[in-house]
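Hi there,

Here is the structure I promised to pass on. My notes on it follow below.

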Amino acid sequence: MLDSNYLIINRNPQKFSKMKIAGRTAVFFDEGGKPVNYGVIALDDSVYAALCCEEVCNITLVTNKSGIRNVVTILWDTTEGYQEGYDQISKALNRHISVQNKKLNRYAEAIAEKLALGIRLRVTDVVDEAEMAICPECGMLNPAGSKYCLDCGAEIS
Ligand SMILES: [Zn+2]
C-alpha cells in the first residue's frame, strides 16, 4: 500500500494530497494546500496519449506541447481516489483513456520517445497479456497486431 498519492513527472515523484480540476486543467496540492512543483497539468490538445491501469490505480498522460514532451503519471493510494480522479480527468479531457496493463509507464515512455523522433502512433487498449504480442528481441509486450516493437523497433511476426 502506498503512503500517499503521487504525481510523477518524467520519473520525478512528488506527493500530493488533493487534485482539483479547473476548466481543462488539473492542479495538484500538497498537504499544506500549496500547489506542488509543476503541479498544473493542461488537459487539452497537448495530451497526446492518455493511459490508465485500474490495478495499479494510475493514469499516465503523454503530453506534447511546442516540441516539449512529458510523461506525467498520477498515482493514487486508494481505489476510491483513483476512480474519483479518473472520472474528473476523463470528463475534463473529453476523450478516451486507453486501458493498459502494469507495463503502462514503459509504454508511455516508448510513446514519448517515438514522438521525439516525429513518429506518431496509434494507441490501443491493452488489457489482457494473453492478447499481447511479445517482442522476440527485447521481450516488451506490444498491442496485439503490432508490426514493430514499440520499445526496440524489432519486427514482430
Ligand atoms: Zn522489442
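Ala108 touches Ala49, Leu51, Thr60, Val62 and Val71, leaving aside residues up to four places away in sequence; a contact here means C-beta atoms, placed from the backbone, within 7 Å. This is a predicted model, where local features need pLDDT of at least 70, side-chain atom pairs count only at pLDDT 80 or more, and totals for chains, interfaces and linings use all residues. Residues are numbered from 1 along each chain as its sequence is written.

Ala108 is also, with Leu51 and Tyr107, among the residues with the most contacts inside the largest nonpolar core, which has 34 residues. Such a core is a set of buried Ala, Val, Leu, Ile, Met, Phe, Trp, Tyr and Cys residues joined through C-beta atoms within 7 Å, and buried means that 20 or more other C-beta atoms lie within 10 Å of a residue's own. Strand S6 (47–53) is one of the elements that supply at least two residues each, as are helix H1 (79–93) and helix H2 (104–116). The largest share, six residues, comes from S6. Helices (H or I, at least four residues) and strands (E, at least two) are DSSP runs, numbered from the N terminus.

Elsewhere, strand S3 (residues 18–22) runs antiparallel to S4, joined by five bridges; strands pair if DSSP finds at least two bridges between them. Ile21 stands opposite Ala26 in S4, and Gly23, in the turn of this hairpin, has a positive phi of about 65°.

Overall, the protein chain has two helices and 11 strands.

Happy to talk it over!

Terms used. Buried ≥ 20, exposed ≤ 12 C-beta atoms within 10 Å, placed from the backbone. Contact = placed C-beta atoms within 7 Å.
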